[in-house]
Amino acid sequence: HDYFSAALDLLLPTPPLVKSGYGSVVNRDELIKEYGGPSMAIVVCKAGFLSEVRVCFGKEEGGKPADRMECPGVVLNEGTCGEKIKIASFDSSVDSVIKID
């Protein structure tokens, strides 16, 4: 119970770039910058669509999460997105076709 409560408290807000990018394409480097920069976030895509944003936290004694920290290299290597990232929209008023120029 405490673990899950702590995890929910760590959820990051959705940055403006993602909110304004629903149903379109964003630049990977700009997206990562919104989450603190290249050492602070990893983006994972499936079929070109943003699937996950991974961030790293330190660990206090007893296993409780501490503040955000730079991610170790092994985690940074988990990114799978290309330079252009599609942001899905679940709003039926947004065209479901995304064109990449």
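How exposed is Glu 52, and what is its relative accessible area? Glu 52 is partly exposed, with a relative accessible area of 31%. The cut-offs behind that label are under 20% relative accessible area for buried, over 50% for exposed, and partly exposed in between, using a 1.4 Å probe and protein chains only.

## Ground rules

Please keep in mind that this is a predicted model, where local features need pLDDT of at least 70 and side-chain atom pairs count only at pLDDT 80 or more, while totals for chains, interfaces and linings use all residues. Residues are numbered from 1 along each chain as its sequence is written, and side-chain values use heavy atoms, with hydrogens and water left out.

## The overall layout

The secondary structure comprises 4 helices and 6 strands. These are DSSP runs, numbered from the N terminus: helices are H or I with at least four residues, and strands are E with at least two. Following the sequence, the elements come in the order α-α-β-α-β-β-β-β-α-β.

The protein has 101 residues, and 26% of them count as buried. Its accessible surface is about 7,100 Å², with 53% belonging to carbon and sulfur atoms; the areas come from the Shrake-Rupley method with a 1.4 Å probe, and for residues only the protein chains shown count as cover. Looking at contacts between residues at least 6 apart in sequence, 55% join residues at least 24 apart, where contact means heavy atoms within 4.5 Å.

## Two disulfides

A disulfide is a covalent bond between the sulfur atoms of two cysteines. Here the criterion is a pair of cysteine sulfur atoms within 2.5 Å, and the count by this rule is 2 disulfides. With bonded cysteines counted along the chain, the pattern is 1-4, 2-3.

Cys 45 and Cys 81 make one of these links, with their sulfur atoms 1.9 Å apart. The link of Cys 45 and Cys 81 is right-handed, with 100 degrees about the S-S bond. Cys 45 belongs to strand β2 (residues 42-46) and Cys 81 to the loop between α4 (73-76) and β6 (84-86), so the pair ties together parts that are 36 residues apart in sequence. Cys 45 is buried at a relative accessible area of 13%, and Cys 81 is buried as well, at 10%.

Cys 56 and Cys 71 make a disulfide too, and here the sulfur atoms are 2.2 Å apart. Cys 56 sits in strand β4 (residues 56-59) and Cys 71 in the loop between β5 (65-69) and α4, so this pair, 15 residues apart, links distant parts of the chain. The torsion about the S-S bond of Cys 56 and Cys 71 is about 115 degrees, so this disulfide is right-handed. Both Cys 56 and Cys 71 are buried.

Strand β2 runs antiparallel to strand β3 (residues 49-54), and 5 bridges join them; two strands pair if DSSP finds at least two bridges between them. Val 44 stands opposite Glu 52 in β3. The hairpin of β2 and β3 has 2 residues between the strands, and in this hairpin Ala 47 takes a positive phi near 55 degrees.

Lys 86 is found in strand β6 and is buried, with a relative accessible area of 18%.

## Salt bridges

The whole structure holds 3 salt bridges, each defined as a side-chain nitrogen of Lys or Arg within 4 Å of a carboxyl oxygen of Asp or Glu. One of them joins the side chains of Asp 29 and Arg 28 at 3.6 Å, N to O. Arg 28 is partly exposed, at 26% relative accessibility.

Glu 52, Arg 54 and Glu 78 are linked in a network of salt bridges. Arg 54 pairs with Glu 52, their closest N and O atoms being 2.8 Å apart, and with Glu 78 at 2.6 Å, N to O. Glu 78 lies in the loop between α4 and β6 and Arg 54 in strand β3, so the pair ties together parts that are 24 residues apart in sequence. Arg 54 is partly exposed at 27% relative accessibility, and Glu 78 is partly exposed with a relative accessible area of 34%.
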